[in-house]
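Please look over the sequence and the model before reading the points below.

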Amino acid sequence: MSTASPVTATQAADIITEVGASAKNRPQKSRMRSAYPTWFFIPALVLYAIFFAIPTISSFYFSLTRWSLFDSQFIGFANYVQFFQDPQLYTSFIHTLIYAVLTSGVKVILGFLLALLLTSPVVGRGYLRAVVFFPVLLSTIGVGILWKSLLDPFHGMVNAVLGFFGLPQPGWFTDPNLALYTIAGVDIWKGVGIATLIFMAGMVAIPNEYYEAARIDGAGGWNILRRITIPLSRGATATVIILSLIGGLRSFDIIWATTGGGPGFTSDVLASVIYKQYQAGFYGLSTAGNVVLFLVVTLIMVPLSYVLNRKQVEL
């Protein structure tokens, strides 16, 4: 058995000195290396500050003023007091919640079902994928004008076909009981392609070994869907819920292109009420409304995002 030669005190001191020096220099080198990539974040940070941070902070300030293009007068919270006294505020807020929940819920369910279909070996799968995603590429205003023409109660093609078969011909955008739900249907038609694409990406990312093991164990299609596909698609589900709900709460363009908030105020949402205030020349009041809408979306989405992401991590 070999024995190690004894280390003298001088040699031990030299070793400790060398180790200490290398340990002292290592973090400095790593700091020098890690500082280099941060320069690439500066362009994105500048764009974020110009197009988001500065306008957001300015909005908070101008919501406390009576302003025009040329001057502004600080009036405190008078705009907020006037905004919350709007008689249509409560109704438009309820419409906003109904619209957001309805559109996001249907997009999640329909997008998931379409993703199941389009990730399975069906005939013409590539063509069907293009058809489902095509409405996403269209202009929202164009989609609103298109469906307003198709669903016209007197000259629209949809009612003409219904009348040919002797079916009722409702006033899709003119009936106060149907207008908001008709707009929601148009929104779903246009936006379900994004939800389908996100679900498809989540399903394709699931390892195929899970399905093979389940089939070997004798699991049927329903059990595979319930035990594997749905749980492992939770991340995609959370993404679709968050994106579609934010879009529903902020929706304005498709509503304005189809009904303008009518008939009457039956399809008004928060965003359309704010725009009408801007049209009337109450710029400070409409800015206060935008701040309120921003806070409403934030108060709803931050806790929801936390809950959905936490469940995803726990899974």
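Tyrosine 61 is partly exposed at a relative accessible area of 42%, where buried means under 20%, exposed over 50% and partly exposed in between, with a 1.4 Å probe and protein chains only. The model is predicted, so local features need pLDDT of at least 70 and side-chain atom pairs pLDDT 80 or more, while totals for chains, interfaces and linings use all residues. Residues are numbered from 1 along each chain as its sequence is written, and side-chain values use heavy atoms, without hydrogens and water.

**Aromatic pairs**

- The structure holds 15 aromatic pairs; rings of Phe, Tyr and Trp (its six-membered ring) pair if their centres lie within 6.5 Å, and planes under 30 degrees apart count as stacked, over 60 as edge-to-face and the rest as tilted.
- Tyrosine 61 pairs edge-to-face with phenylalanine 62, at 5.2 Å centre to centre and 70° between the planes.
- Phenylalanine 62 is partly exposed, with 31% relative accessibility.
- Phenylalanine 164 and phenylalanine 165 are edge-to-face because their planes stand at 90°, with the ring centres 5.2 Å apart.
- Phenylalanine 164 is exposed at 68% relative accessibility, and phenylalanine 165 is exposed at 59%.
- Ring pairs join Tyr61, Phe62, Trp67, Phe252, Trp256, Tyr275, Tyr278 and Tyr283 into a cluster.

**Nonpolar cores**

- The largest nonpolar core has 32 residues, and Tyr99 and Ile254 have the most contacts inside it; such a core is a set of buried Ala, Val, Leu, Ile, Met, Phe, Trp, Tyr and Cys residues joined through side-chain atoms within 4.5 Å.
- Helices that each supply at least two residues of this core include H4 (89-118), H11 (234-249) and H14 (283-314), helices being DSSP runs of H or I with at least four residues, numbered from the N terminus.
- H14 gives the most to this core, nine residues.
- Isoleucine 254 touches Tyr99, Thr140, Val143, Ile183, Val186 and Asp187, leaving aside residues up to four places away in sequence; contact means heavy atoms within 4.5 Å.
- A second, separate core of 13 residues includes Phe199, Met200, Leu225 and Ala236.

**Helices H5 and H8**

- Helix H5 (residues 125-133) and helix H8 (residues 179-204) pack at about 135°, with axes 8 Å apart.
- H5 and H8 are therefore oblique to each other, as angles under 35 degrees count as roughly parallel, over 145 as roughly antiparallel, 65 to 115 as roughly perpendicular and the rest as oblique.
- Arg129, Val132 and Phe133 in H5 meet Gly193, Ile194, Thr196, Leu197 and Met200 in H8.

Methods
Axes fitted to C-alpha atoms, helices over the stretch in contact; angles between N-to-C directions.
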